[in-house]
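Reader: Could you take me through this model and, for each label you use, set the value against the definition behind it?

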Amino acid sequence: MPVAIITGASRGLGLALTHGLAGAGWDLVVDGRDAAALAEAAAAVPRDVTALAGDVTDPAHRLALVAAADRLGGADLLVNNAGILGPSPQPALADYPLDALREVYEVNVVAPLALAQLALPGLRARGGALVNVTSDAAVEAYEGWGGYGSAKAAVEQASRILAAEEPGVRVWWVDPGDLRTRMHQEAFPGEDISDRPEPHTVVPAFRRLVESRPPSGRIRLADLLAGAPA
């Protein structure tokens, strides 16, 4: 069976993707910072998964994720989904606390690249794939989204360069669209976001992506849901 590492899998999009790939027969290594929430989430998946609680900014935890995947035969897919929004409500860049900005970059930019560096030798050997979850905030200038948006813009550029440097690995930076998640609620404190779709609604598009294996590039899951070519 193919093997995937999915970070940030205790809730939201990461949990939805875990269920989706488990249903397709994948062996999975997943993580989350909240050990209790991760254990509860993993127990609900209709397939045994390897759940490792920890923080993706911790080098030892990153090594443990790759080692766990290696014990299953080696990762064919790495999904860098874990991330943080930053302060809520989100401040303008003129007022953005720099310590908070460093944390946003550490979690959203540095940690995914560090995990990719560890996984890449195996991904090269198996002709695998790397997914970096991004956002329309990476390409649109939304007021108040300077921290998170600029971090995701950095992820996208790093992904483009990785795609150029790693021709034997599929590298996709994937925009899932606005979803009804805790992070999205944090971005709009006190507002009703019930009009946003649930994360599970984009799973069919994600499965189509990993099964059809289009060339490396930026992928909007909404386009795949609409039937556009992958």
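Author: The largest cavity has a volume of about 60 Å³, a volume being the space filled by probe spheres set on grid points that are joined across faces, edges and corners. This is a predicted model, in which local features need pLDDT of at least 70 and side-chain atom pairs count only at pLDDT 80 or more, while totals for chains, interfaces and linings use all residues. Residues are numbered from 1 along each chain as its sequence is written, and side-chain values use heavy atoms, with hydrogens and water left out.

Reader: What makes a space a cavity, and which residues line the largest cavity?

Author: On a 1 Å grid over the protein atoms alone, a cavity is a set of points where a 1.4 Å probe fits but cannot get out, and lining residues have an atom within 4 Å of a point. The largest cavity is lined by N80, V109, P112, L113, A116, N132, V155, A158 and L162. Among the helices (DSSP runs of H or I, at least four residues, numbered from the N terminus), α4 supplies the largest share of this lining, 4 residues.

Reader: How is the lining of the largest cavity divided into nonpolar, polar and charged?

Author: The lining has 7 nonpolar, 2 polar and no charged residues, where Ala, Val, Leu, Ile, Met, Phe, Trp, Tyr, Cys and Pro count as nonpolar, Asp, Glu, Lys and Arg as charged, and the others, Gly among them, as polar.

Reader: Why does R213 count as partly exposed?

Author: R213 has 29% relative accessibility, and therefore counts as partly exposed. R213 lies in the loop between α7 (203–212) and β7 (217–220), and has a positive phi of about 50° although it is not a glycine.

Reader: Which peptide bond is cis, and where does P89 lie?

Author: The bond from S88 to P89 is cis, with omega near -5°. P89 is in the loop between β4 (77–80) and α4 (98–126), strands being DSSP runs of E, at least two residues.

Terms used: Buried < 20%, exposed > 50% of the residue type's maximum accessible area, 1.4 Å probe, protein only. 1 Å grid on protein atoms, 1.4 Å probe; cavity = no way out; pocket = protein on both sides within 12 Å on 5 of 7 lines; lining within 4 Å.
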